[in-house]
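Okay, thanks for coming, everyone.

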Amino acid sequence: MSGTMNIKLKVWRQAGPKAPGKFEEYTATEVSPESSFLEMLDVVNEKLVLEGKDPIAFDHDCREGICGMCGMMINGVAHGPSKLTTTCQLHMRSFKDGDSITLEPWRAKAFPVIRDLVVDRSPLDRIIQAGGFISVATGSPQDANALPISKMDADEAMDAAACIGCGACVAACPNASVSLFTAAKISHLGLLPQGQPERYRRALSMVAQMDLEGFGGCTLFGECMAACPKGISIDFIKRMNGDYIWGAITEKPEKVTLGSG
Amino acid sequence: MKLDSRIPSGPIAEKWDKHRFEMKLVNPANKRKYHVIVVGSGLAGASAAASMSELGYNVSCFAFQDSPRRAHSIAAQGGINGAKNYRNDGDSIQRLFYDTVKGGDFRAREANVYRLAQVSVDIIDQCVAQGVPFAREYGGLLANRSFGGAQVSRTFYARGQTGQQLLLGAYQALEKEIARGGVKMYNRHEMLELVTINGVARGIVTRDLITGKVEAHVADAVVLGTGGYGNVFYLSTNAQGCNATAIYRAYKKGAAFANPCYTQIHPTCIPVAGEHQSKLTLMSESLRNDGRVWVPKKREDVGRKPSEIPEEDRDYFLERKYPSYGNLAPRDISSRAAKEACDDGRGVGPGGRGVYLDFADSIKRLGAREIAERYGNLFEMYQRITDENPYEVPMRIYPASHYTMGGLWVDYNLMSTIPGLHVIGEANFSDHGANRLGASALMQGLADGYFVLPYTIGHYLASNQFEKVTTDHPEFRAAVEAVEQRTARLLGINGKRTADSFHRALGRIMWEQCGMARNETGLKQALREIPAVREEFWQNLTVPGTGDSLNQQLEKAGRVADFLEFGELMCLDALHREESCGGHFREEYQDAGEAKRNDDAFCYVAAWEYTGDTSAPVLNKEPLAFENVHLATRSYK
Amino acid sequence: MLKFWDSSVGKKVVMGLTGLILVGFVIGHMAGNLQIFLGMERYNAYAKLLQEDLIEVTWAVRVVLFVSVVLHALSAWQLTRRSWAARPVEYDMREAQVSTYASRTMRWGGVFLFVFIVLHIGQFTLGWKWLLPEFARGAAYGNVVLAFERPLWVAFYLVAMFFLLLHLFHGTWAVLRTLGLARNAAEPLQRRVPLIIAIVVTVGFSLVPLGVALGIVR
C-alpha cells in the first residue's frame, strides 16, 4: 500500500441561501489513497467539529453511486476527474500528494445553495410531476406478458432510465440546461408501448416545466453527457426535441365534456 | 400486552380473499376526508402513498432526503421475485410461499407469507404497466433468472439496478399524485416523534432539516415505511442516512418491537480497507455462480500473493463443507464460514478480514469475454473501489450487515400494537422470519405498499370514529416540546467527541458480539458496554452549530442516540433466543457448525414492549403455528 | 405557435430551421462565386442574371434570407440571455470536457459573422463608398478584384471564413439533433459530414479572395 497524502482544499462556504459565500482553505492530512473522496471530507469535518467549527455541509447517502444525492464540482469538473463515477465513488488514488482541489456546489439559478455544497434540486421533482410518469392506477394493469416489447426498445429505455437524478448534467452545462435529465425520462417512457398514449403531451409539458424552472436551453455542447455518471447519451435530447416538435404540430386542445363522468 | 395477529380463519389460500371481502370499505366520497401520514418514500412508502392517494385519501409523505427518489431501496441490485411461472418450471404461489417460509428458517407467520406470494404476481403486472424496463428476451417477453434458495427461475430484473427501476416506478406514481394534489410531499423532513392520543396514533412531529423548525402533523392514521436498522453496526451496506429513529420512537410510544436480533449478513461485500471507511459495498450474490471462495490452508501463507499459493495449499472451504451446494450455499451459512476462516487466522487482505473469490477457473473454462459479459459491470465497480483487476487477481470479499428481518410487530393488517400505526416494508417484521431470501425484499416492500395496506387501512378508518384534534392538543404540544428539548440537549453537551466516534464504538461492539455469531458471554459483555458508551455520549458529545438551519451533525447525533438504546434491545433479544435460526447464530446451539433450532421452546415471535428508560423491556410472545409447511431442519450439505 | 416560440426547444428549432436555410444559401452562393475562375464575362453575366433578369426571384430569396437571419439572430440572442440568467453565479473553476471550440464560439462567432454579412452586402451589393471607393454598379468582377487587391480585405474575409467554418461545423451537426432527425450513434459527438460541409464551403469561399491575392484572378 502506498503512503498517505496531504491535500489542499479550497471549499465554497455559504451559511445559507441568502448569505454571501466565499472560499475557505483547508488541509487534509494523512489521506489514505484507498479512502473515498467523501471519506476524506469526513475526516476533515471530524477535525473541524473537534475544533468547534462548522463542518463542510455536503449531500450524500448511499455512497455506492446510485441514489444521486451526492455531487459537487471538483476542480471544475462535475463529480470529479473519473469518468462514469459519482463523487461518492471517486477515490483519493485519483489525486497526488500535494494536489490542490477546488470544491464548489452545483451552480444554477434553479439550484439555489442551501448551505456550502448542498443545493436545492427540487426542480427535478417538479419536472417529473409535469408528466414523467405513466398514468396507471394500482390494480388496473393487464398481465405483464400481454404486451411484448422488443429487446432493443427495452434495452434503450433502460439506458435512459438509468438516470440517477444527481443534477451533474445541469452543473456541467455551460447553459445550466436540464435537457439531458428531462430527455432521459421522456425517452425512457416514450420508447415503451405503455408510454405511447401520453408521449407527446408528456414532452410538451415537461419541456414547459423545465423552462419555467429557469434552466438554460440546450446548445448541444455535450458536456452533460461527459459529466453523467451513468453515461446517458445526448441522443435522448434529440428524441425529446422530436417528440416536442411532433407534439406541438399535432396538439389538440383538451375538451371538457360536461356530465361525462 | 395482547398480541392479536388477526389472521383470518379458513384455508390458507382463501384467507386473503375472504378477508378482503370482510373488511369494511370507506365510501369514495368520504375518502378525501381522511388524512394519512406516510413516513418514508422507499418502495413501501412511495407505493403506499401513491396507491392511497389514487383511492382518494388525503396523504402526506415525509422523507429526510431531498427527493423521494433517493430512498435506499434504490440500491437493490439483483431482482424481484414473482410467482408467475413464465418459465414453466414448476413455480407456483404455493412454492414461493414454501421457499420463503423455509428460507426464513420457520420463524415467519404463514398467513402473511402466503399473501405475499399471492400478490407477488400483481406486482410484476403493476410495475410493467408503470414502464419499469425489466430485462426481456428477443421475443419481447420478460426474462427471468434464478436466485439463491430457490430451484425455479422466478426473479425479474432490470440489469443490476432492479431496486432503482422499481423505486423510480413508485416514485413516478407518487409524483403523479403530488401533481394531482392527492399527496403533499415533505422532503428533508425527519420524523422525530410519534404522537398518540388515548393510545391511538394521531400524528407525528418532524424537524425541517433546512430551517430546523419542529412541526406537528395531525392525521387519522400513521404509516411507517422507514426501512431497517442495519446501520446499528456502523459499517453496513445501508446508506449513510438509514436509521432506526422512526421505529424506535414508535417503540417508545408503545409499539412492540419484534425479533430485533434477526439481522442478515451478506457474504459478498468488498472488505474494509481503512479506519476511516464509512460504508461497505455489496457485490451481487450472482458472482458466486462462477467464483470459487478460498483462503490459504496455512496461516503463514496469508501474506503471500494469491498466485504464488499452489492449488494444494488452498482451502476451498465452502466446497469442502457443503459439497452439494458448494459456493452457492445460502447467505447466512456462507457468511459464517468466511468468518470462521478469518477467526482461524487465515483471512487475507488488510486486517486479515477477507476471503478470496476467485474467477481464474471460470475464466479458463469460459474465457474472459464470457465472464465480462456476465459480470462486467460488477468487475468494474470492484476495480473502481479497490484498484485491483479481478480478471487477474482474485477478488477479496467479506460479509457485511445488509438487511434486518426484525422490525415493529404488525398484525395481518400491518398494524402495530398501537392502533392506527401501520408499519410496512423492512420496518416491520412480518414476512421473512429469521432470514430473507434474495429478491424478496423488493417484493415485500411493494406488496405492502401497493396491494395490502391500501385495503387494510380503509378497514381501520371505516371501523373507528376519529375525534377532531389540532396541533394544539396537549399531546402534540408535549411531543413538540420533547423534540425541542432533546435537540437543545444534544447541542448543549459541548463535549469532546463526535457523534460518528460514538457510532463507530457502538458498531464495533455490535459487530463483535451481536454480528454473524453470538454467544452468551459476548452478549452479556455487550449489554454492559453499550450503556457505558451511551452514558459517555450524553456527557461528552459535541455538536457544532445551531438547531435553526441545516446541521448534518445534529441529525447524525439524534440517530446515534437512538441506535445507542436500540442496540441494547437487540442484544437482549439475541441473548434470550437460546437457539440458532437463520441470521441469528448462537455458538452454543449448533450441530458441528450448523444452526440448531429449538422449535419446542422458541417457535414464536419475540415482541418487546417498552416499559421505561430505567426498567427492562417486557417480552411478549406470538406463537407461530405451522399448518401448511412442516417444520424441518434446513440442510444444504 | 406563441407557446412554441416561448419554449427553449421551440426557439432552438426556429434557429435550426433558419440555419438550414442559410446553409443552403451559403452552399449556392459559394458555388456561384466560384464562377469567377471562368472569367470576367461569365461572372458578370451571372451577376446580371441575378440582378436584372431574375430580379423578382432574387428579391424573394432576399426576403427569405433577411427573415431567416433576423429569426436566427433573435432566437440566438434570447436563448443566450436565458442561459446567462440560468447561472447567475459563475464557477470559480470549470473545465470543458468534450465541448468543441466551435460550439463554444457559436455566440461571439455568430455576432462577428453578422457584422461581416452587413459589411459584405454594403461592399458588393449596396456599394458603400467608404468600403470600396471604386465600386461600379454592374461590374461585379471588377469590384471583387479591386477589393481583394487590398491585403487587409483578404485577411478580414479569411478570418470571417474561419468563423463560418466553426459555425457550420457545430451548426450543421447540431441542427439534425435539434430537429430530432439524426440517428442514434455510438459516438454521438463524432461529426464527419458536418466537417466536410464546413470545409468545402469555407475553402470554396476563400478561393475567391485568395485567387485575387495570388494573381490567379485579375
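So, a nonpolar core here is a set of buried Ala, Val, Leu, Ile, Met, Phe, Trp, Tyr and Cys residues joined through C-beta atoms within 7 Å, and buried means 20 or more other C-beta atoms within 10 Å of a residue's own, with C-betas placed from the backbone. Bear in mind this is a predicted model: local features need pLDDT of at least 70, side-chain atom pairs count only at 80 or more, and totals for chains, interfaces and linings use all residues. Residues are numbered from 1 along each chain as its sequence is written, with chains lettered from A and ligands numbered from 1 in the order written.

The largest nonpolar core has 324 residues, and Cys169(A), Leu180(A), Val36(B), Val223(B) and Leu408(B) touch the most other members. Its largest share, 13 residues, comes from helix α16 of chain B, residues 552–576; helices are DSSP runs of H or I, at least four residues, numbered from the N terminus.

Next, α5(A), residues 179–190, and α8(A): their axes, lines fitted to C-alpha atoms over the stretch in contact, come within 8 Å and cross at roughly 70°. That makes the pair roughly perpendicular, the label for 65 to 115 degrees. Leu180(A) is one of the α5(A) residues in that contact, and Phe236(A) and Met240(A) are among those from α8(A).

Which helix gives the largest share of the side of chain A that touches chain C? It's α8(A), with nine residues. Overall, 38 residues of chain A are in contact with 37 of chain C, contact being C-betas within 7 Å.

Key. Buried ≥ 20, exposed ≤ 12 C-beta atoms within 10 Å, placed from the backbone. Helix = DSSP H or I, 4+ residues; strand = E, 2+ residues; numbered from the N terminus. Contact = placed C-beta atoms within 7 Å. Axes fitted to C-alpha atoms, helices over the stretch in contact; angles between N-to-C directions. Parallel < 35°, antiparallel > 145°, perpendicular 65-115°, else oblique.
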